[in-house]
Amino acid sequence: MIALPCALSGQAIPNGSAVDDIGRFEVGANYNFFHANAPPGQCGCFSLNGGSGTFIFNLSPKWAAVADIMYAHASNVNNSGQNISIFNYLFGPRYSIRRSSRFVPYAEVMLGGAKENVNIQFDINRNAFGFLAGGGVTTTVKPKWGWTIVQADWIHTRIPNAVNDRQNDIRISTGVTYRFGVR
C-alpha cells in the first residue's frame, strides 16, 4: 500500500505550472504573413497580409483547445488586377511544453474551413475544407500578458481552383495574448 501513494504523487502537477498559474482562458491577436501557391502547378505564388484571433481554453498545463480565426488580403496579385481575401476558421488541440516559465514551445493540429473571395472578372466566393499543422513559441511579458514570438503553420485547403482544388500555404505569425484567471 505504500507504493500506491508514491505512484500517485508522481501524477501531481508541479508548483508554478498549474492551470491557475497560466490562466484557464486566453485570447490572442496576431499579425499574419501568408504565402499562397496559386495557380496550382505553376507557383504564381503570392503573399497576403492579415490578422488572426486565437481563443485558447487550457485543459491542463500541456493540453489546450484552440480556435483560430484568420483573415488575409492581397491586392493586385502578381500585377493581374486580381484581389484575393482568405478567411480561415480552424479548431483543434494544442500541446505545450512548459519546462520553464520563460519560453513555451507548442505544436497544434486544427481542422475547419476556408473561404476565399476573388475578383477575377466577377466576384467569386468559395468555401472549402481547411487543415493546419504547425507550432510556435510564446513567452510571458507580464503575468496576464503573453507574446507569441513566432508561429509557423502549414495550411492545406481544398478551395475549388479548376485544376486540382488543393492549396498548400505557409503562415508566419506574431502577436499578443491576454490570459484570464491568472493569479
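A patch here is built from residues with over 30% relative accessible area and no salt bridge, where nonpolar side chains (Val, Leu, Ile, Met, Phe, Trp, Tyr) are joined within 5 Å and like charges within 9 Å. A salt bridge puts a side-chain nitrogen of Lys or Arg within 4 Å of a carboxyl oxygen of Asp or Glu, and accessible areas come from the Shrake-Rupley method with a 1.4 Å probe, with only the protein chains shown counting as cover for residues.

This is a predicted model, so local features need pLDDT of at least 70 and side-chain atom pairs pLDDT 80 or more, while totals for chains, interfaces and linings use all residues. Residues are numbered from 1 along each chain as its sequence is written, and side-chain values use heavy atoms, leaving out hydrogens and water.

Phe25, Phe55, Phe57, Leu59, Trp63 and Phe180 make a nonpolar patch of about 570 Å². Phe57 sits in strand S2 (residues 46–58); strands are DSSP runs of E, at least two residues, numbered from the N terminus. Phe57 counts as partly exposed because its relative accessibility is 36% (buried is under 20%, exposed over 50%, partly exposed in between).

## Gln151, tucked away

Now for strand S7 (residues 145–157), where you'll find Gln151. Gln151 counts as buried because its relative accessibility is 4%. Its side chain makes polar contacts with the side chains of Tyr106 (2.7 Å) and Glu108 (2.9 Å). A polar contact is a pair of N or O atoms within 3.5 Å; within protein, one must be able to donate a hydrogen and the other to accept it, and residues adjacent in sequence count only if both atoms are side-chain atoms.

How values were computed
Helices (H or I, at least four residues) and strands (E, at least two) are DSSP runs, numbered from the N terminus. Buried means under 20% relative accessible area, exposed over 50%, partly exposed in between (1.4 Å probe, protein chains only).
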